[in-house]
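Subject: Structure for you to look at, with notes

Dear colleague,

I am handing over the structure that I have been working through, and my notes on it follow below. Please read them with the structure open beside you.

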Amino acid sequence: MSLLHINGLQVHFQTEAGLVRAVDGVDLELESGRTLGIVGESGCGKSVTMLSVMRLIQPPGRIMAGSILFEGRDLLALSREEMRQVRGGGIGMVFQDPMTSLNPVLSVGEQIAEAIEIHKRTSRRRAWSMAVEAMERVSIPDAADRAGDYPHQFSGGMRQRIMIAMAIACKPRLLIADEPTTALDVTVQAQILNLLRDLQAENKMSIIVITHDLRVAAQLCHDLAVFYAGRVMERGNAEQILSNPGHPYTIALRNSIPGFSSSGERLQTIGGNPPNLIDKISGCVFHPRCPTAHSSCSDLSPVERFVSDGRSLACDYHALGEM
Amino acid sequence: MSSYKLIEVRDLVKHFPVTSGVIRARKIGDVQAVDGVSFDIAAGHTMGLVGESGCGKSTLGRTLLRLIEPTSGSIRYEGQDILRLSGRQMRPLRRKLQMIFQDPFASLNPRMTVARIISEPLEVHNMVSDAERNLEIERLMSMVGLDPSHAGRYPHEFSSGQRQRIGIARALALQPSFIVADEPVSALDVSIQAQILNLLVDLQKELGLAYLFISHDLNVVRYISHEVAVMYLGRIVERAPVESLFAKPLHPYTQALLSAAPGFGKDQRQGPVLEGDLPSPMNPPTGCRFHQRCPCAMGVCRHHDPLLEEMANGHAVACHLWSASA
């Protein structure tokens, strides 16, 4: 049984300008002990999908349809109290910006211990020592001394380690990291990616990484799901998708990254702009920008189909090997 | 493409004083944002400037345009030291030296139409008559790939990539020969990033522009630059033609930076992952500024500051491993 199984998820936001279909029928599956990368451009629904898993969608957003099975239980059917146990207990989450997601007036030790107290129902003293342990696990030097320090006394990379310590303090089975390295410099990014890999090897934890950076996904992930306009365009084994992408969007996304094509060559671009999710696009959501669109692509919405072992595509025309 | 030296920078220093005390401010130190930097940029060429946040790359870019007054050093534009010019003498030169900013949301006035944003510099410098103005706006908008019929729209009506095009059109309005582009694609999605990079390359070929291209993204810098300078704590630690830098990085910091940038394969990372963070530029380490994080540090590195020395074919490095005198 898979650890997480998302089926037909739809999340809509009612805005003044109209109904935004941020997530429009997403299916995802994650086996335990694996890392899934969710890639796509801004506004493609990758963060909203993961916030739905945590049930952190705020009005005017609403989960309209679908199910999210975590260890066999539908998270969307849980009571608020049951969901509180899952958040931070079964599923930990790391947010993008370590500057704004820590409370500036509490010491980092208190912030980590707070989560432990709630979930493990332990004494303050015990929670504090578990917080220090969590800080040691994310390789913060002198953890026992530094637990009393405040967020501003740490560098960006150290703050991100503290966010990770907080998320893993209660030993979750699933860690969701939303752009965990986007705000960091490359050398610090490399440290954090190594840390996530080590933590997974130690704890057999599953990880979902949301990223716009295909290279980060290539480094870290076993599986990949490529999002566009609130839908999954392609998913499957990360290495296979990157070396032999099947969907025209994945191909275009990969080729627009400098350094992928040999230097000196002109970068390939995706024409046009990402779609505005208010206007409903008929047929395939990518067809207005697709370089290989057929006439029928504007009428028929493609159905996700499996093309090879574990690899699926939402495109009626492209199959592997036809490129 | 002509290749005379358009910009010559020598021993450029910018220290920001740090003060303490509310009633009587006392100076307690200096942030040595740029500390003795020298390089040239040839006309029509791109110098890429890379480094981690806080290394002084943005300060350097702004200092080149005198948006920040340097503490000491010289900046020559076509042989003329622009730091000796008065504000009035500087004005005609400002036309030639322009800037493109990182954030296409914050760098455009939300209350101005695109036409006004683009034409404001033209009016300030009396470049065109009222009659020609609309034609010029149209020309600039088409040049950067915007629809001229959108001239009456406001910035919020455009996507981030289009907004960056507006910023580029504004910089091009005065027919500059040198543009400082400070992280111009960092805020954009990859598919849009590629469009803007292609546009910058096309404009360079068409107009013979020279760029100082500041970025933390090594792949972007590699794509667009002819020469690359790597900055660490206010100093240039390595400078080389782009192929040479990426094929054979000499400085341990450059090597670490290149190996840290994720590639497409898994675990193809060679070389060590750097430990620790950038030290405070307020009191940088003595000797080589990188020695505390350097995997190859030697005794001499702790006490003696290495100079930027030319090795071969324009490849210069500031490291005792490569210096003949060490």
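Two residues are said to be in contact, or to touch, if their C-beta atoms, placed from the backbone, lie within 7 Å. The model is a predicted one, in which local features need pLDDT of at least 70 and side-chain atom pairs count only at pLDDT 80 or more, while totals for chains, interfaces and linings use all residues. Residues are numbered from 1 along each chain as its sequence is written, and chains are lettered from A and ligands numbered from 1 in the order in which they are written.

Let me begin with Leu69(A), which lies in strand 4 (residues 61-70) of chain A; helices (H or I, at least four residues) and strands (E, at least two) are DSSP runs, numbered from the N terminus. Leaving aside residues up to four places away in sequence, Leu69(A) touches His5(A) and Asp74(A). Leu69(A) counts as partly exposed because it has 18 C-beta neighbours inside 10 Å, where a residue is buried if 20 or more other C-beta atoms lie within 10 Å of its own, exposed if 12 or fewer, and partly exposed in between, again with C-beta atoms placed from the backbone.

Strand 9 (residues 223-228) of chain A is mostly covered, since six of its six residues are buried. In a regular strand the side chains alternate between the two faces of the sheet. Here Asp223(A), Ala225(A) and Phe227(A) point one way from strand 9 of chain A, whereas Leu224(A), Val226(A) and Tyr228(A) point the other way, and all are buried. Taking two strands as paired if DSSP finds at least two bridges between them, strand 9 of chain A pairs with strand 3 (residues 35-39) of chain A in the parallel sense over four bridges, and Val226(A) is the bridge partner of Val39(A). Strand 9 of chain A also pairs with strand 10 (residues 231-237) of chain A, in the antiparallel sense and over six bridges, with Leu224(A) opposite Gly236(A).

In chain B, four strands form an open sheet in the order 2-1-4-5, with antiparallel pairing. Strand 2 (26-42) and strand 5 (80-81) of chain B stand at the edges with a single partner strand each, so one side of each is left without a neighbour in the sheet. Strand 1 (residues 5-20) and strand 4 (residues 72-77) of chain B run antiparallel and are joined by five bridges, and Val9(B) stands opposite Ile75(B).

Finally, 34 residues of chain A are in contact with 28 residues of chain B. Helix 7 (186-203), helix 8 (214-220), helix 9 (238-243) and helix 10 (248-255) of chain A each supply at least two residues of the side of chain A that touches chain B, and helix 7 of chain A gives the most, with seven residues. By class, that side of chain A has 14 nonpolar, 15 polar and five charged residues, where Ala, Val, Leu, Ile, Met, Phe, Trp, Tyr, Cys and Pro count as nonpolar, Asp, Glu, Lys and Arg as charged, and the others, Gly among them, as polar.

With best wishes
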